[in-house]
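Hi,

Here is the structure I said I would pass on. Have a look at it first, and then read my notes below.

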Amino acid sequence: MNVMHVESYEQMSRIAANIIWAQIVLKPECVLGLATGSTPVGIYKRLVELHRNGELDFSRATTVNLDEYCGLDGGHPQSYRFFMNRQLFDHVNIEKARTHMPDGVAADPQTECRRYDVLIQSLGGIDLQLLGIGHNGHIGFNEPGAEFCIPTHVVELTPSTIKANSRFFASDEEVPKRAITMGMGAIMAARKVVLAVSGADKRDILEKALYGPVTPQIPASLLQLHPDLTVVCCVG
């Protein structure tokens, strides 16, 4: 585990983006696991800058996102597909057909979960997985529970996660209550994991995740067992 404490969100974003940049340069046909939420916005901004400066070529890369809300199609402004298009995909030279995420409006969510795991396996797994961490220790939408959930699955979002996500919606009532999320299996099988964390309010949960017991009550704690984990954090 390599933990880098930095002074600002901008520095965190730059360092995390540079790690992704290096991955693409070293393996242009790499598979990137990507995350959504407020934390990676600066990372994607930096990647777009590198592309526009002619320093980064996405044309051979493939991406798989961690999750998607159930009930939102890709055109919904709060869907994660919409987020990724707006923050990254629309601004770099990656084919949209090479950008993947769960289908939030699949007729059979359980079949969609199985399809997504088969897809990740068919791509050869994930070379680099970008993660954030929730206030309750979730990664992706892998919420605290009695056991680690290994495959991609449908999850009932906890009240704390719904509240945290409500800032993106007009009200708590509009926040989807279910999501499809990549399971801990594909995340832990990624050859490299980058965990980006920002905000003093994340300090305590990050400490527990990195140095406390490995427990499904704090899903991110499983990352302690990953052989190539880099943490870039500005938590005060």
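This is a predicted model: local features need pLDDT of at least 70, side-chain atom pairs count only at pLDDT 80 or more; totals for chains, interfaces and linings use all residues.

**What I found**

Strands β4 and β8 (residues 178–181) pair in the antiparallel sense, over three bridges.

The β4–β8 pair belongs to an open sheet of three strands, ordered β4-β8-β7, with antiparallel pairing. β4 and β7 stand at the edges with a single partner strand each, so one side of each has no neighbour in the sheet. Direction ignored, neighbouring strands in this sheet are turned by 25 degrees against each other on average. Helix α4 (residues 109–122) lies across β7 and β8, and it runs at about 125 degrees to β7.

**The seven-stranded sheet**

There is also an open sheet of seven strands, this one with parallel pairing, in the order β1-β10-β9-β6-β2-β3-β5. Its edges are β1 (2–5) and β5 (99–100); each has a single partner strand, so one side of each is left without a neighbour in the sheet. Helix α1 (residues 9–26) packs on this sheet and touches β1, β2, β6, β9 and β10. The direction of α1 makes about 165 degrees with that of β9.

As a reminder, strands of a sheet pair through backbone hydrogen bonds, in either a parallel or an antiparallel way.

- β2 (residues 31–34) and β6 run parallel and are joined by two bridges; L32 has L128 of β6 as its bridge partner.
- β6 and β9 (residues 192–198) pair in the parallel sense over four bridges, and the bridge partner of Q129 in β9 is V193.
- β9 and β10 (residues 229–234) run parallel, with six bridges joining them; L195 stands opposite V231 in β10.

What about the two faces of β6 (residues 128–131), are they covered or open? Both are covered: L128 and L130 on one side, and Q129 and L131 on the other, are all buried.

Q23 ties in with this part of the structure. Q23 is found in helix α1, and it counts as buried because its relative accessible area, 14%, is under the 20% cut-off. Leaving aside neighbours within four places in sequence, Q23 is in contact with C30, L32, D127 and L128.

How many aromatic pairs does the model hold? The count comes to four. One of them is Y69 with F141, a tilted pair at 5.8 Å centre to centre with 40 degrees between the planes. This pair links distant parts of the chain: Y69 sits in strand β4 (residues 67–69) and F141 in the loop between β6 and β7 (153–156), 72 residues apart. Y69 counts as buried because its relative accessibility is 1%, and F141 counts as buried because its value is 3%. Y69, Y80, F141 and F169 form one aromatic cluster.

Y80 leads on to helix α3 (residues 80–87), which is mostly covered, with six of its eight residues buried. The buried residues of α3 are Y80, R81, F83, M84, N85 and Q87. They pack against β2, α2 (41–52), β3 (62–65), β4, β5 and α5 (159–165).

**The overall picture**

In total, the protein has seven helices and 10 strands. Along its principal axes the C-alpha trace spans about 45 × 40 × 35 Å. A compact globule of 236 residues would have a radius of gyration near 18 Å, and the protein has 16 Å, which agrees. Of the 236 residues, 56% count as buried.

For contacts between residues at least 6 apart in sequence, 77% join residues at least 24 apart. The protein exposes about 10300 Å², and carbon and sulfur atoms supply 53% of that.

Cheers

Methods: Residues are numbered from 1 along each chain as its sequence is written. Side-chain values use heavy atoms; hydrogens and water are left out. Buried means under 20% relative accessible area, exposed over 50%, partly exposed in between (1.4 Å probe, protein chains only). Two strands pair if DSSP finds at least two bridges between them. Rings of Phe, Tyr and Trp (its six-membered ring) pair if their centres lie within 6.5 Å; planes under 30 degrees apart count as stacked, over 60 as edge-to-face and the rest as tilted. The radius of gyration is taken over C-alpha atoms; the globule rule is 2.2 Å times the number of residues to the power 0.38. Contact means heavy atoms within 4.5 Å. Accessible areas come from the Shrake-Rupley method with a 1.4 Å probe; for residues, only the protein chains shown count as cover. Axes are lines fitted to C-alpha atoms, for helices over the stretch in contact, and angles run from 0 to 180 degrees between N-to-C directions.
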